[in-house]
Each structure stands twice: as C-alpha cells, then as structure tokens.
Amino acid sequence: MSRRRDWSPTGVLVPCSRVKLYRRTVPSDSKPEKVIVRLAGLPGERKESFPTKTAAKAYYARLTAAVGLGEDFDTGSFAPTNWGQPSAPEPADQPMTWLAWVCQHIDDMAAAGDKGKTKKSRHEALKVAVWTLVDDVPDHPGRDALKAYLEVVGDPVFVDPALPPTPRDAERARLRAERLAQLPDQVFARRGFGTPRRDVYLPRAEVLTAGEWLTEHSRPVASTTQADAKAVLTAYTFKLDGTFSASTTRNRLRNVFHKALVDAVVADLLPANPMDHLSLRTYASATVRTIDRRIAMDPVMAEAFLDHVDDPYRALAALMVREGLRPSEAVAVRDSWLTLPKQGWGEVELQHAVVAAGTRWTKEETLAYDENPPKWSDRADKPTTRLVPLSPETVDDLRAHKKAFGSDGEGRLFRAARGGPVNPTGLGRAIAAARDATFATADSPHFIAREDHPLRTMTAYLLRHTAASHALNAGVPPKDVADRMGHDVPVLLKVYASVIDADRAIGNQRMETYRANHRAAALQPLAS
C-alpha cells in the first residue's frame with residue numbers, strides 16, 4: 001500500500017472503468033471506518049479514515065457518484081478530476097449560503113414524502129441553524145425578525161419533480177416570492193413568554209428588511225467549521241425563552257442538523273462533516289433513559305385516577321393507564337378494531353396512530369393530523385398492526401362509552417366536539433383535571449404534598465408507564481409486555497428497569513432463605 005501523503009494531481013488520467021472502491025471497518029483503530037480507492041493496473045491505493053460510518057458513507061457516495069457519471073480519475077490524487085471545483089452551476093462569487101441550502105434541503109426532503117411531525121422538526125431545527133450561521137456585523141435585525149421571515153420561506157415548496165434542476169429552483173423561488181408578497185401588515189414572530197402571555201407580532205416591512213439582511217449575510221455552507229457546528233448545537237440547548245431544552249429535543253434537532261451537513265457533503269458543498277470530530281455528550285444524550293419509578297401508579301391509585309377522568313375521556317384514559325397505549329394510538333381506536341366480549345378479556349388491533357401536526361405540515365392540507373403506522377411496525381421483525389389485550393375493566397369502559405357516545409361515520413370512538421380525532425389540548429386538560437383531583441387535593445386519600453412530584457405534573461403520554469409497571473410486576477413475560485407496549489425487549493427492560501419490584505421481592509426471599517440455612521448449619525455442631 002502506498003503510504004505517501006502528497007495526493008497532488010499529476011494530470012495523468014485513467015477512465016472510471018479502472019476504478020475500484022472499497023469500504024472497510026477496523027474496530028481497533030481510532031478512526032475505524034476506511035474508504036479505499038485503487039486504480040487497476042497501477043500500484044498503491046488511497047485510504048481515507050473516518051471516525052463514523054456516516055462520514056465514510058458520505059465520502060464513498062461521492063466517489064460512487066463520480067464513477068457513475070463516467071468521470072476520469074487522476075493517477076496522482078486517486079480522485080475524480082473535477083474534485084475541488086464547484087459541481088453546481090453556482091457562480092464563483094455567489095457560493096451556496098445556509099439560507100439557500102436549507103430551503104433546498106427542506107424542499108427535497110419534503111418531496112420524498114416525510115411525515116408531518118418530521119417536516120415540523122426539520123423546520124424547527126434548520127431555522128435555528130440559519131439564524132445562527134450569519135456574519136458578525138453590527139446591524140443584526142434581531143432574532144424575532146429573522147424567525148418571522150424563516151417561518152415563511154422555510155416552509156416546504158412543492159413543485160413538479162420531473163422538472164430539471166434549474167427550472168425547478170426558479171419555480172421554488174417564484175412560489176416563495178408569492179408567499180412574501182402575501183404577508184399581512186402584522187406578521188407573527190413567536191409566542192409570548194411569562195404571564196400574561198402576549199404573542200409577538202412585527203410589521204411586514206421589518207420582516208422583509210430582515211429577510212434582505214439574511215440573504216446578504218447568511219454564511220456560505222463551504223465555510224462551515226467545527227466552531228460553527230458547536231455554535232448551532234449550543235443554540236439547540238436553549239429554548240427561545242432562555243431556559244434549557246429537554247435532552248430528547250436536543251437529540252432530535254441535532255440529528256436534523258447532522259443530516260443537513262451529510263447531504264451538503266454529498267452535494268460537494270462541504271469537504272467533510274464538521275460534526276464528525278465533535279464530542280456530542282455536551283449537547284445531548286443518545287442513550288435510552290430509565291423512567292422515574294414514582295411516575296407509575298399502583299393499581300388502587302390508578303383506579304382512583306380514572307374515577308376522576310370525566311366523560312367522554314374515561315375510556316380513552318383507561319386504554320393508556322391499563323393497557324399501555326400511546327395517546328396517538330388510543331385516540332385512533334375505531335369500532336372495527338375492537339373485540340369486546342360480555343365477559344373476560346378483549347383485544348384491540350391497532351392499525352394506525354393519529355399524530356397531530358397542524359395543517360401546515362400534514363400530507364392533506366385540509367387535515368390537522370397524519371395517520372401513521374403504529375410505532376415499530378415499520379421494522380422488518382414487526383407486523384403492520386399491533387394486537388393489544390384489553391382487561392375486563394377496560395372492556396366494560398369501552399362498552400359503556402360506545403353505548404353513551406357511539407361512533408362517527410368512520411367508526412372513530414373518540415372524537416372532538418366538531419368532529420375529527422380528539423384534540424391533544426382537550427385531552428391534556430382532562431388528564432390535568434383528573435391528576436389535580438387525585439394528587440393535588442388535600443382531602444384526597446392519594447394527596448401528594450410535594451409539587452415537584454412526577455405524579456403532580458403527569459402528562460397523557462406518561463400514563464402508559466403505569467400499565468408497563470403492572471404487567472412486569474405481575475410476572476408477564478417481557479416479550480409479551482414489549483408486544484403490548486410497542487417496544488423491543490431490550491428497550492423495554494432499559495426503560496422500565498426501575499419499576500420492577502417483583503424481582504426485588506423474590507431476591508429478598510432468596511437472600512433470607514440463604515442466610516437462614518447458613519445460620520442453621522452453623523448451629524448444628526453445637527446441638528450435637
């Protein structure tokens with residue numbers, strides 16, 4: 001293998017048919033991912049090392065694309081002849097900026113058919129990156145004005161995918177210009193902070209001026225450094241009001257930014273991903289965390305909580321508390337999915353979940369929600385539906401709900417007052433009212449004085465942890481519990497390790513027996 005480090009071009013070319021590409025993994029190496037280029041008929045090879053598989057894939061994809069386009073390789077650099085030159089028809093004095101790249105990236109990803117929540121998360125993450133990666137000049141228009149502008153231009157634009165790149169980009173620019181021309185006199189910037197909350201609106205002229213400033217001062221993608229990536233990741237650690245964001249939120253935003261950087265490398269806008277050499281522990285934790293055991297209610301407490309849930313939400317809450325459904329799965333339940341015998345256990349076959357994202361992001365512009373597959377059903381080892389047993393108490397609640405409220409024309413059991421699925425806000429209010437009546441009322445037998453106790457701040461999603469706790473402590477096999485909850489077994493055991501008390505009781509009994517036997521054995525010689 002050639003170990004030289006001077007890969008300067010020599011001008012001697014070989015056709016792409018003589019290029020051989022390889023990817024290797026060397027676990028013991030500090031940079032384990034290797035991409036190797038060999039030229040048939042020539043000695044030596046060029047090996048590039050990368051710390052992550054994603055970075056290696058991006059580099060390998062660039063090489064593969066060059067071979068597919070029939071590009072010649074230089075015998076000195078072992079690389080395509082046009083590397084280091086702009087691959088897009090961008091003028092040399094107008095490099096691709098972060099504003100232009102984010103708009104293009106959002107459009108391309110949305111055209112691939114992403115879910116509504118995914119589009120929303122991508123927009124949320126990349127607009128922070130755009131207003132962070134700007135020139136350091138004194139006439140900055142302010143974050144609120146930039147955010148208001150990005151709320152408009154950062155929305156995906158859908159055009160005919162059959163159009164060539166240049167007409168497609170021109171059509172996207174025209175549609176965004178139409179949006180800006182239709183801005184009202186007062187443009188929404190952000191939600192207000194504190195109490196009373198007053199939302200922030202800005203004059204139309206101020207927002208358009210901020211857009212002109214951003215177009216001029218948005219940093220080029222090619223100039224992005226590790227320090228720039230750190231600045232964006234640091235911005236993700238704070239919410240707009242200055243408080244810390246949740247670690248799960250930071251993970252989500254970080255992954256979106258990383259994907260944008262990877263695609264920039266593939267598009268030859270960046271030589272390498274600046275995030276690949278950063279330690280990400282400071283910015284988010286990618287590990288699955290064990291829940292706080294205090295959030296799981298015991299059976300008596302759970303029934304007391306359900307008694308305080310007002311109709312028409314009681315049966316809906318029972319599906320989460322007793323059976324472990326997610327809120328998005330519970331509100332989607334339809335009459336045809338249910339098997340409700342008069343006695344004994346029933347079952348529900350979940351076929352999709354209802355995820356509220358707003359008409360701005362959903363596939364159907366007239367609907368505020370998407371119907372997504374049940375969680376984990378898109379994995380190869382999982383079916384497309386999920387069968388969840390229903391306890392006799394839940395069966396009774398569902399039968400009573402059907403008798404009192406019936407179902408709509410689509411067979412939906414739980415629906416909003418004006419039709420459609422239950423609004424997450426309405427469900428949250430019902431859960432909060434029942435939570436306060438059970439745990440925050442002084443004369444309640446389950447009153448909890450500490451205001452920071454998890455049960456005093458419990459949300460609808462956290463109700464399902466009670467069902468998992470009951471099943472695991474009852475001795476239900478972990479595989480069965482995982483199937484009910486829509487988890488994999490390793491994830492289930494990691495998340496709910498703290499709520500399993502049955503194993504502790506068994507362990508205590510075995511330790512007591514072990515010590516008693518040894519004490520009895522020690523006394524036998526004395527007795528004889």
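Student: In what order do the three strands of the open sheet stand?

Tutor: This is a predicted model, in which local features need pLDDT of at least 70, side-chain atom pairs count only at pLDDT 80 or more, and totals for chains, interfaces and linings use all residues. Residues are numbered from 1 along each chain as its sequence is written, and side-chain values use heavy atoms, without hydrogens and water. Strands are DSSP runs of E with at least two residues, helices runs of H or I with at least four, numbered from the N terminus, and two strands pair if DSSP finds at least two bridges between them. The pairing here is antiparallel, and the order is β8-β9-β12.

Student: Why is one side of β8 and of β12 left without a neighbour in the sheet?

Tutor: β8 is joined to β9 (residues 346-350) by two bridges. Both β8 (338-339) and β12 (386-390) stand at the edges, so the reason is that each has a single partner strand.

Student: Which residue of β9 stands opposite Thr339?

Tutor: β8 and β9 run antiparallel. Opposite Thr339 stands Glu347.

Student: How are α9 and α13 oriented to each other?

Tutor: α9 (residues 299-307) and α13 (residues 424-439) pack with their axes 8 Å apart, at an angle of about 125°. Axes are lines fitted to C-alpha atoms, for helices over the stretch in contact, and angles run from 0 to 180 degrees between N-to-C directions. Angles under 35 degrees count as roughly parallel, over 145 as roughly antiparallel, 65 to 115 as roughly perpendicular and the rest as oblique. The two helices α9 and α13 are therefore oblique.
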